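Biologist: Can you walk me through this one? I'd like to start with the charged pairs, then go on to the helices.

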Amino acid sequence: MRLEREIEHGPLRAETLTGGREVIDRLAPAWRQLCAEGPCDEPFYRPEWIAAWYDAFGAGARLRLVAVRRGDRLRAVLPLVEGWSRLRGIPVRMLRGAANVHSCRFDVVHGTGDAEEAGRALWRELQRAGGFEVLEIPDVPEGGLAERMLAWAREDGHPTGRWESMRTPFVSLPGRGGSFEEMLERRTTAKFRANLRRRRRKLEEKGALRFERIERADPAVLRAFYDLERSGWKGEKGTAIGCDLATRSFYDRVAAWADGQRCLSLYALRLGDRPVAMHFGLTWGGRYFLPKPAFDESHRECSPGQLLVHEVLRDCVERGLREFDFLGPWMEWKGDWTEEVRPHGWCYVFRRGPIGVALHAAKFRIAAWVRGK
């Protein structure tokens with residue numbers, strides 16, 4: 001592990017740590033405290049989540065963690081991966097957020113009160129350390145600190161860009177003491193509710209239905225989830241968790257961590273003893289997050305996936321949770337439950353000068369021109 005030169009920015013101190021998994025472990029205690037302050041108190045921003053990602057997908061890549069402290073307190077951290085990549089066929093040195101499609105969302109992790117100041121200090125340290133033609137930060141929620149960093153980069157003469165990657169649906173819940181039925185009637189159409197009742201009756205004609213929430217990382221339950229997800233089109237296309245050892249490793253690691261934190265929520269809708277729909281879910285900070293759903297496509301006409309969402313929403317209301325976050329992009333089946341969405345975007349900063357201008361044009365202007373033809 002190597003600690004590069006520290007730079008003072010008034011009362012803040014920015015630093016760049018490079019190496020492997022050990023740089024995450026070094027910052028982990030302060031990182032957890034930073035998440036607990038509130039703005040980034042979601043599983044996806046925690047050091048354990050980033051460590052699980054790196055162990056599964058990092059393949060020994062060199063990490064670059066940019067951190068900002070005020071005295072002994074960590075105020076911001078951005079985990080990046082260094083490497084070469086191709087942008088429109090052009091080889092470039094790229095710094096990427098330590099994330100992929102399984103990360104759900106990503107941002108500069110920051111605290112309360114001094115996010116703007118800490119973010120600017122972090123940007124200056126990124127700019128000082130250099131060593132990249134392109135900085136790529138994926139799936140940043142709208143208004144996130146990484147998105148705000150684009151304005152500071154432009155002020156310093158860097159070409160920047162952003163494209164919307166997804167609009168994530170979520171359901172605001174009534175909270176403790178609220179009525180599930182009133183919420184459902186307010187948020188869904190009468191036709192949709194009637195279809196749910198009809199499909200439930202149709203599924204019950206095949207056998208007894210049972211709903212359950214499992215809060216332990218039981219290997220048999222996890223295996224049942226992976227098998228169910230792999231049984232359908234995801235398995236045929238090779239995109240299911242069980243089709244890739246690295247992806248399976250990531251979800252196993254997340255499940256083990258969530259078990260230890262008592263935030264794992266593996267929901268199942270069973271027809272007899274057989275699951276026909278399942279959720280790999282997480283309950284954290286009064287919110288339910290759904291990284292991965294699965295359902296038995298042989299019962300598609302009964303919509304077991306939607307029937308499970310119905311029961312999970314009921315359970316969330318009864319537990320007094322304040323939100324159900326579907327995660328991922330908008331899909332029609334998610335839109336049946338809500339009109340609320342969170343936009344996310346990929347954020348890019350390019351090197352100053354002719355090379356950066358050319359790469360920015362290749363990524364944004366030429367691509368937009370081609371799409372418009």
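Modeller: A salt bridge here is a side-chain nitrogen of Lys or Arg within 4 Å of a carboxyl oxygen of Asp or Glu. The model is a predicted one. By that criterion, the side chains of Asp114 and Arg75 form a salt bridge, at 2.9 Å from N to O.

Biologist: Where do Asp114 and Arg75 sit in the chain?

Modeller: Asp114 is in the loop between strand S7 (109-110) and helix H3 (115-129), while Arg75 belongs to strand S5. The two are 39 residues apart, so the pair links distant parts of the chain.

Biologist: Is Asp114 buried or exposed?

Modeller: Asp114 is buried, at a relative accessible area of 9%. Arg75 is buried as well, with 2% relative accessibility. The cut-off for buried is under 20%.

Biologist: And what does Arg73 pair with?

Modeller: Arg73 makes a salt bridge with Glu37, 3.1 Å from N to O. This pair also links distant parts of the chain: Arg73 is in strand S5 (residues 73-87), and Glu37 is in the loop between helix H1 (21-36) and helix H2 (47-58), 36 residues away. Glu37 is partly exposed, with a relative accessible area of 27%.

Biologist: How many salt bridges does the structure hold?

Modeller: There are 44 salt bridges in the structure. Another of them joins Arg167 and Glu164, where the closest N and O atoms are 3.1 Å apart. Arg167 is partly exposed at 38% relative accessibility, and Glu164 is partly exposed at 38% too.

Biologist: Helices next. At what angle do H1 and H2 pack?

Modeller: About 165°, with the axes 9 Å apart. H1 and H2 are therefore roughly antiparallel, since the cut-off for that class is over 145 degrees. Their crossing is left-handed.

Biologist: Which residues make the contact?

Modeller: On H1, the contact residues are Arg21, Ile24, Ala28, Trp31 and Arg32. On H2, they are Pro47, Glu48, Ile50, Ala51, Tyr54 and Asp55. By class, the contact of H1 with H2 has 7 nonpolar residues, 4 charged and no polar.

Biologist: What about H5 and H10, at what angle do they cross?

Modeller: Helix H5 (residues 180-187) and helix H10 (residues 304-318) cross at roughly 130°, and their axes come within 10 Å. That makes H5 oblique to H10. The crossing of H5 and H10 is right-handed.

Biologist: Switching to H4. Which of its residues are buried?

Modeller: In helix H4 (residues 145-155), the buried residues are Leu145, Ala146, Met149, Leu150, Trp152 and Ala153.

Biologist: What covers them?

Modeller: The cover on the buried residues of H4 includes S7 and H3, along with strand S8 (134-141), strand S9 (160-172) and strand S15 (341-350). Just after H4, Gly157 has a positive phi of about 85°.

Biologist: I also had His360 on my list. Where does His360 lie, and is it buried or exposed?

Modeller: His360 is in helix H12 (residues 354-372). At 12% relative accessibility, His360 is buried. Leaving out residues up to four places away in sequence, His360 touches Pro159, Thr160, Gly161, Phe350 and Arg365.

Biologist: Last one, Pro293. Which strand is Pro293 found in?

Modeller: Pro293 is in strand S13 (residues 287-295). Pro293 counts as partly exposed, at 26% relative accessibility.

Biologist: What does Pro293 touch?

Modeller: Not counting residues up to four places away in sequence, Pro293 touches Phe225, Glu229, Lys234, Met278, His279 and Trp333. The C-alpha atoms of Pro293 and Val101 are separated by 15 Å, and the two residues are 192 apart along the chain.

Note on methods. Residues numbered from 1 in each chain as written. Predicted model: local features only at pLDDT ≥ 70, side-chain atom pairs only at ≥ 80, totals over all residues. Heavy atoms only, no water. Axes fitted to C-alpha atoms, helices over the stretch in contact; angles between N-to-C directions. Helix = DSSP H or I, 4+ residues; strand = E, 2+ residues; numbered from the N terminus. Parallel < 35°, antiparallel > 145°, perpendicular 65-115°, else oblique. Left-handed = near helix turned anticlockwise from the far one by under 90°. Buried < 20%, exposed > 50% of the residue type's maximum accessible area, 1.4 Å probe, protein only. Contact = heavy atoms within 4.5 Å. Nonpolar A, V, L, I, M, F, W, Y, C, P; charged D, E, K, R; others polar.
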